[in-house]
Amino acid sequence: MEKNQKKSGFVTLVGRPNVGKSTLMNHLIGQKIAITSDKPQTTRNRIQTVYTDERGQIVFLDTPGIHKAKNKLGEYMVNVAEHTLKEVDLILWLVEPTTFIGAGERHIAEQLQRASAPVILVMNKIDTVKRQEEILTYIDAYKDVCDFAEIVPVSALKEKNTDLLLKLMFQYLPYGPEFYDEDTVTDQPMRQIAAELIREKALRLLDDEIPHGIAVTIEKVQERKNGIMDIEATIICERESHKGIIIGKGGAMLKRIGSAARREIEKMMEVQVNLQLWVKVRREWRDSDILMKNYGYSGKDL
């Protein structure tokens, strides 16, 4: 094999909700694409991002967490995650440091045993472990659950061992051409990124007051002659009481969500943004095929 030949391939990140998949992917590509939150199930679609360096190119598929579905949205999310396992060259399974392997992890292990791609076990959040020797105990608990190609303890948050993880990923990828230009970081349209950033800020600022039943639709994106980008978006919720909480007293909460999202969108798009937000109630939208499709969650990619 010639020395100047590069590696390229598709890598998926799987794991239960809230194990740090999006945080790890955002760190590896060096830019925030997937939304992160301390609430589970923040990633709803398969987000494709790209990492390129002198070694080659990795296309990451960050999937929703694999979990027991409670509604049609949940079923859609699990289908996206499990379908992705069949399409990739390498699988990263993220777990938290623990000796307890619950039913959720065992379900994922069953899926991985049917996959043909090599699996790297990534034990994330090692920064939360007080004594480092405990990590060996946690690795020992997991090591026989699957036939792992590698086991790597990392901290996505503290950027510990992430360079080693990248090195190992390139080792397991095939030689081949780049799929994207080297300056590409995501295949997500700007509308979708803007919608996800607004949803992230809403989830963070609302804390535990609103359950997961919110979606964001972008009604308009238009650039003025002076370079300012006008974005109009609607936050969809399931109940009138939720609408009141999202808007807040005198519109205060909606303004906070809008200001935080606008700053993030401006940073990513490198353009001045005028963001206007509205709130609408759509009851039980997570169990409606039509409304789910309207809000960007359909089976067309499966």
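Leaving aside residues up to four places away in sequence, E105 touches R16, W93 and Y142, where contact denotes heavy atoms within 4.5 Å. The model is predicted, so that local features need pLDDT of at least 70 and side-chain atom pairs count only at pLDDT 80 or more, whereas totals for chains, interfaces and linings use all residues. Residues are numbered from 1 along each chain as its sequence is written, and side-chain values use heavy atoms, with hydrogens and water left out. E105 is located in helix α3 (residues 103-113); helices (H or I, at least four residues) and strands (E, at least two) are DSSP runs numbered from the N terminus. The relative accessible area of E105 is 11%, and the residue is therefore classed as buried (buried, under 20% relative accessible area; exposed, over 50%; partly exposed, in between; 1.4 Å probe, protein chains only).

V119 belongs to strand β5 (residues 119-123) and is likewise buried, with a relative accessible area of 6%. With residues up to four places away in sequence again not counted, its contacts are I91, W93, L112, F148, A149 and E150. V119 and D147, 28 residues apart in sequence, have a C-alpha to C-alpha separation of 7.6 Å.

Nonpolar cores were defined as sets of buried Ala, Val, Leu, Ile, Met, Phe, Trp, Tyr and Cys residues joined through side-chain atoms within 4.5 Å. The largest comprises 30 residues, and I198, I235, I246, I257 and I265 have the most contacts inside it. At least two residues of this core come from each of α6 (190-206), β7 (215-223), β8 (229-237), α8 and β9 (273-281). The greatest contribution is that of α6, with eight residues. A second, separate core contains 25 residues, including V95, A117, V119 and M123.

Helices α7 (residues 240-247) and α8 (residues 252-269) pack at an angle of about 65 degrees, and their axes lie 5 Å apart. Axes are lines fitted to C-alpha atoms, for helices over the stretch in contact, and angles run from 0 to 180 degrees between N-to-C directions. The contact brings I245, I246 and I247 of α7 against A252, M253, L254 and I257 of α8. Its residues comprise seven nonpolar, no polar and no charged (nonpolar: Ala, Val, Leu, Ile, Met, Phe, Trp, Tyr, Cys and Pro; charged: Asp, Glu, Lys and Arg; polar: the others, Gly among them).

The disulfide count is zero, a disulfide being a pair of cysteine sulfur atoms within 2.5 Å. C146 is buried, at 11% relative accessible area, and C237 is buried, at 0%.
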